[in-house]
Amino acid sequence: MDGSEPQEPDVPVRAHRLAPMRGRDPHEKHRVSTPLELLFDLTFTVAFGVAAAQLSHMLAAGHVGAGITAFLFATFAVCLAWINFTWFASAYDTDDWAFRLMTMVEMVGVLILALGLPAFFASVEEGHHVNNAVLVAGYVVMRIALVAQWLRAVKQDPARRTAGLTYTTVVLVAQLGWVGTVFLPTPVPVTLSIWFALAVVELGGPMLAEARCGGTPWHAHHIAERYGLLAIIALGEGVVGTVATLSADIGEYGWSADAVLLAVSGVALTFGMWWVYFMVPAADALHAHRERSFWFGYLHMPVFGAIVATGSGLHTAAFFIQHHSELGPVATVLSVVIPVAVYIALVYVMYLLMLRAGDTLHVLLVVLTAAVLAGAVGLAAAGVPMAVCLLVASLAPMVSVAGFEIVGHRHAAAAVAASSVSGP
């Protein structure tokens, strides 16, 4: 000790006292996801996991149509809940005790929603009446907590009061509709049609608030990072679920060639899909063209759904290996191939919509990818073991990876440069 005064720490320690919710700087330097946002995302691991497990069980039982229908609506509810919190936090995260407590309430809502998914799937399978009471309860808990956050922003950020009131009004109206569907004595198709109408209301609110009412100060690079992190979480759920299912089989019957091939296929497929996702320079495009945020934000809903469905397909393949599935080898391979195809196609669509740059290279890569996936299905139809076919399917994302690493990265760089100086 030299007796000198202690130095002030580079990052001061502070209490999380109330701070004015006046909006963050949309050009803030070094804006990254907070520990609270990462904790919040973990609850969606549970929701995605439950949805994937329910779909795989229904596919294995041969209830394909009901399983896909329930999965589409369930993943929409889960993704929409995440999207609304994420964009609000990007604009108004004060990280004070009130914001933290409201986020905790929203996390509770996510877990309640996840607990309601099994009953919802079962009711769609039965086809008489949608049992969505618990699911809606969780969703409403989330949304009402978000309304409280919006009302605080309305009061403390008068410059954006109109946008905040628009968000608040639309969310409240939609919640009344969701609660009403719990008490409808209508058959499943009618109830789900009403859900579709309410979904249009939910999606239209942000479009109205951002495009017509002044908008909010969300941060482009922060939003892109948040979406990328949720994509990673969704990808990881597929690997964890498949390994958990396989571990039960290995524990009972020991290692088999099929189990090894499925594990390798799952890891290779997950890794390839991860690599493909980050080929789209979304942050730069969003920063240059904020008006393209709706394409980016909403197109990710089927992207996340396709990722989770791929994990569900891997679960279904594990059931096939255990002889616990009503599906044949071709249908089992299709349960993986179809969501992978949808995912890769959506990534290319996102590239096109965000950068407004057509590329003949992409057409070639899509065709080659389709050929690999079709080849996997063809091999299954020819009697090749299912696990081998999935190993072939796992090569599909690598087609795009190879194309991007060899030449596509230069095309992307040129598209970003052109996008930064072009109009809407």
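The model is predicted: local features need pLDDT of at least 70, side-chain atom pairs count only at pLDDT 80 or more, and totals for chains, interfaces and linings use all residues. Residues are numbered from 1 along each chain as its sequence is written, and side-chain values use heavy atoms, with hydrogens and water left out.

Me: Which element gives the most residues to the lining of the largest pocket?
Reply: A pocket is an open set of points on a 1 Å grid over the protein atoms alone, where a 1.4 Å probe fits, with protein on both sides within 12 Å along at least five of seven lines; lining residues have an atom within 4 Å of a point. Here 28 residues line the largest pocket. Elements giving two or more include α1 (35-60) and α2 (64-92). With seven residues, the top contributor is α2.

Me: How many charged residues are in that lining?
Reply: Asp, Glu, Lys and Arg count as charged; Ala, Val, Leu, Ile, Met, Phe, Trp, Tyr, Cys and Pro as nonpolar; the others, Gly among them, as polar. The lining has 24 nonpolar residues and four polar.

Me: Which residue meets Asp 41 in a salt bridge at 2.6 Å?
Reply: A salt bridge puts a side-chain nitrogen of Lys or Arg within 4 Å of a carboxyl oxygen of Asp or Glu. Asp 41 lies in helix α1 and its partner in helix α7 (residues 220-253), so the pair ties together parts 185 residues apart in sequence. Both are buried (under 20% relative accessible area, 1.4 Å probe, protein chains only). The partner is Arg 226.

Conventions: Helices (H or I, at least four residues) and strands (E, at least two) are DSSP runs, numbered from the N terminus. Buried means under 20% relative accessible area, exposed over 50%, partly exposed in between (1.4 Å probe, protein chains only).
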